[in-house]
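We will go stop by stop, and each stop tells you what to select.

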Amino acid sequence: MFSIAIDGPAGAGKSTVAKRLAADCQMIYVDTGAMYRTIGYYILQQGLNPKNPEDVIPQLPNIHIGISYSQEGGQRISLNGKDVSQEIRLPEMSMASSNVSAIPQVRSFLLDLQRNMAKEYDVIMDGRDIGTVVLPNADLKIFLTASPEERSRRRFLEYQAKGLPTSYEDTLADVQKRDYQDSHREVAPLKQAQDAVLLDTTGLNFEQTVEQIKLIIKERFCHVL
């Protein structure tokens, strides 16, 4: 099996880029952030605090995450049999995801699921600790980033397109808070793997970013594309 790990901060475009690459390379796209968002969503639906381990850990046995794929490499997420692919993309799910992901038992809960996917399929997996923890032996590791202002602009435009009420200033504050929390948590903090290729996409559009990664793949693994 062949695996590509794409890590990076919130709003770097990991999911969008990884989804496109998976379709072009005929690989399976695995959005690990969606799994954490699903847990955060469940906890909020129960009226509990996603930052409190005492609220979250006892609920894990009640959470059953299902994953299905389209022919284009897309991923759909279900929670206890219900498709929640849209609900987990609401703005408030970003911080809920970050909060539950800081709990070691949550990361352990999802780790086997993520690793088993890489054993069964050729995968492109994105997240914040894929190259450092989940798939430390990935064939290729990319650390995708951009300036906080650029990432906030992209996310704000995404929210606007979906008709979600927010402002650029609130989006920037959320991105900066998320950056700090993800990089300072005790368990699997966000950081670039030593053998990862750094790609700063500030000033690059989506197509340019995809082409940059394709060039890296072609240079190293000409058989993939």
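How much space lies in the largest cavity? About 90 Å³. Keep in mind that this is a predicted model.

**Stop 1: the cavity**

The structure holds 1 cavity of 30 Å³ or more. Select its lining: T32, G33, Y36, S97, S101, R107, G127, R128, D129, R178, D182 and R185. Now colour these residues by class. Next, colour by element. Helices α2, α4 and α8 each supply at least two residues of this lining. The largest share, 3 residues, comes from α2.

**Stop 2: R185**

Pick R185, one of the residues that line the cavity. Look for R185 in the loop between α8 (168–184) and β8 (197–200). Is R185 buried or exposed? R185 is buried, because its relative accessible area is 8% and the cut-off for buried is under 20%. Show its side chain. A polar contact of 3.1 Å links it to the side chain of S101. S101 also belongs to the cavity lining. The R185 side chain reaches the backbone oxygen of A188 too, at 2.9 Å.

**Stop 3: helix α2**

Select residues 32–45, which form α2. At 1.5 Å a residue, the 14 residues of α2 should span 20 Å, and the end C-alpha atoms are 20 Å apart, so the two values agree.

Now show the surroundings of α2. Here 12 of its 14 residues are buried, so the helix is largely enclosed by the rest of the structure. The buried residues include M35, R37, I39 and Y42.

Go to the start of α2. A side-chain oxygen of D31 comes to within 3.1 Å of the backbone nitrogen of G33. Then go past the other end. G47 follows α2, and its phi is positive, near 75°.

**Stop 4: strand β2**

Step back to residues 28–31, which make up strand β2. In a regular strand the side chains alternate between the two faces of the sheet.

Which strand is joined to β2 by 4 bridges? The partner is β6 (residues 123–127), and the two strands run parallel. Select D31 and look across to β6. D126 stands opposite.

**Stop 5: the largest pocket**

Show the largest pocket, with a volume of about 870 Å³. Of the 42 residues that line it, G13, S15, T16, R155 and E158 are the closest to its centre. Colour the lining by class: 11 nonpolar, 16 polar and 15 charged residues. Helix α7 gives the largest share, 6 residues.

**Stop 6: K218**

Select K218, which sits in α9 (residues 206–220). K218 is partly exposed, with a relative accessible area of 47%. K218 and I124 are 94 residues apart in sequence, and their C-alpha atoms are 15 Å apart in space.

Note on methods: Residues numbered from 1 in each chain as written. Predicted model: local features only at pLDDT ≥ 70, side-chain atom pairs only at ≥ 80, totals over all residues. Heavy atoms only, no water. Buried < 20%, exposed > 50% of the residue type's maximum accessible area, 1.4 Å probe, protein only. Pairing = 2+ DSSP bridges. 1 Å grid on protein atoms, 1.4 Å probe; cavity = no way out; pocket = protein on both sides within 12 Å on 5 of 7 lines; lining within 4 Å. Points joined across faces, edges and corners; volume = space filled by probe spheres on them. Nonpolar A, V, L, I, M, F, W, Y, C, P; charged D, E, K, R; others polar. Expected span 1.5 Å × (residues − 1). Polar contact = N/O pair within 3.5 Å; in protein donor to acceptor, adjacent residues only side chain to side chain.
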